[in-house]
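Subject: Structure handover

Hello,

Here is the structure I said I would pass on. My notes on what was found follow below it.

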Amino acid sequence: MKMASQKDFFSGLMFTAVGVAFAVGATNFTVGSAARMGPGYFPMLLGIVLILLGLAITVQSFRSKAEGGDLIGKFAWRPLVFIIGANLAFGILLVGVPALGIPAFGMFVAIYALVIIAGFARPNCSLKESVILATILAVGSYGAFVYALNLQFPVWPAFLTA
């Protein structure tokens, strides 16, 4: 049996692996039943659905008739590094890391860092576009989370508000 689509095959394996992880992780909680759901019920159900979906996609990868075998292309390192880095920077800047002496810089600084760093994931990125997007996102986040939902987390750097 020849694999017709590498993309579908590896996507199916990924779905199956994530489903197994969810199902195994759910066993640490009380699963319960449909009538009396425990905290592990939804993760277990999600894991089972992901496993079934992954198996279906994996099997379909052998039936697909994609031209040229639907090969996986080269690995996109640039977007991977910048997107993960942007998320790490956001988390660190939002609440700080007291163990390393990094203070909380708040939501606005964290959002600007997130958007600007993530913008470099794309070739020919524009700093002007990133700053405009960050401004819109920061104002919208403030309106949604701080004003509308009244959530309590740092908005400005700790050294400015103390």
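A residue is called buried when its relative accessible area is under 20%, and exposed when that area is over 50%. S130 has a relative accessible area of 9%, so it is buried. This residue sits in helix α5. Apart from neighbours within four places in sequence, S130 is in contact with V115, I116 and G119.

Please keep in mind that this is a predicted model. The mean pLDDT of the protein chain is 89, and 94% of the residues score at least 70. Of the elements in the chain, α4 has the highest mean pLDDT, at 95, while helix α6 (residues 158-161) has the lowest, at 73.

The core

The largest nonpolar core has 12 residues: L93, L94, M107, F108, A110, I111, A113, V115, A134, A138, V146 and V155. The biggest contribution is that of α4, with six residues. In soluble globular proteins, nonpolar side chains tend to be buried together.

M107 is one of the core residues. With neighbours within four places in sequence left aside, M107 is in contact with L94, A138, S141, Y142, V146, F153, P154 and V155.

Helix packing

How do α3 and α4 lie relative to each other? Their axes are 8 Å apart and the packing angle is about 170°. An angle over 145 degrees counts as roughly antiparallel, and α3 and α4 are therefore roughly antiparallel to each other. On the α3 side the contact is made by F82, I83, G85, A86, N87, A89, F90, L93 and L94. On the α4 side, the residues are G106, M107, V109, A110, I111, A113, L114, I117 and A118. Sorted by class, this contact of α3 with α4 has 15 nonpolar residues, three polar ones and no charged ones.

Two loop residues

Two asparagines have a positive phi. For N124, a residue other than glycine, phi is near 60°. N124 lies in the loop between α4 and α5, and its relative accessible area is 75%, so it is exposed.

The other is N150, which is not a glycine either and has a phi of about 55°. N150 belongs to the loop between α5 and α6. With a relative accessible area of 53%, N150 is exposed.

Regards

Note on methods: Residues are numbered from 1 along each chain as its sequence is written. This is a predicted model: local features need pLDDT of at least 70, side-chain atom pairs count only at pLDDT 80 or more; totals for chains, interfaces and linings use all residues. Side-chain values use heavy atoms; hydrogens and water are left out. A nonpolar core is a set of buried Ala, Val, Leu, Ile, Met, Phe, Trp, Tyr and Cys residues joined through side-chain atoms within 4.5 Å. Buried means under 20% relative accessible area, exposed over 50%, partly exposed in between (1.4 Å probe, protein chains only). Helices (H or I, at least four residues) and strands (E, at least two) are DSSP runs, numbered from the N terminus. Contact means heavy atoms within 4.5 Å. Axes are lines fitted to C-alpha atoms, for helices over the stretch in contact, and angles run from 0 to 180 degrees between N-to-C directions. Angles under 35 degrees count as roughly parallel, over 145 as roughly antiparallel, 65 to 115 as roughly perpendicular and the rest as oblique. Ala, Val, Leu, Ile, Met, Phe, Trp, Tyr, Cys and Pro count as nonpolar, Asp, Glu, Lys and Arg as charged, and the others, Gly among them, as polar. pLDDT is the predictor's confidence in each residue, from 0 to 100.
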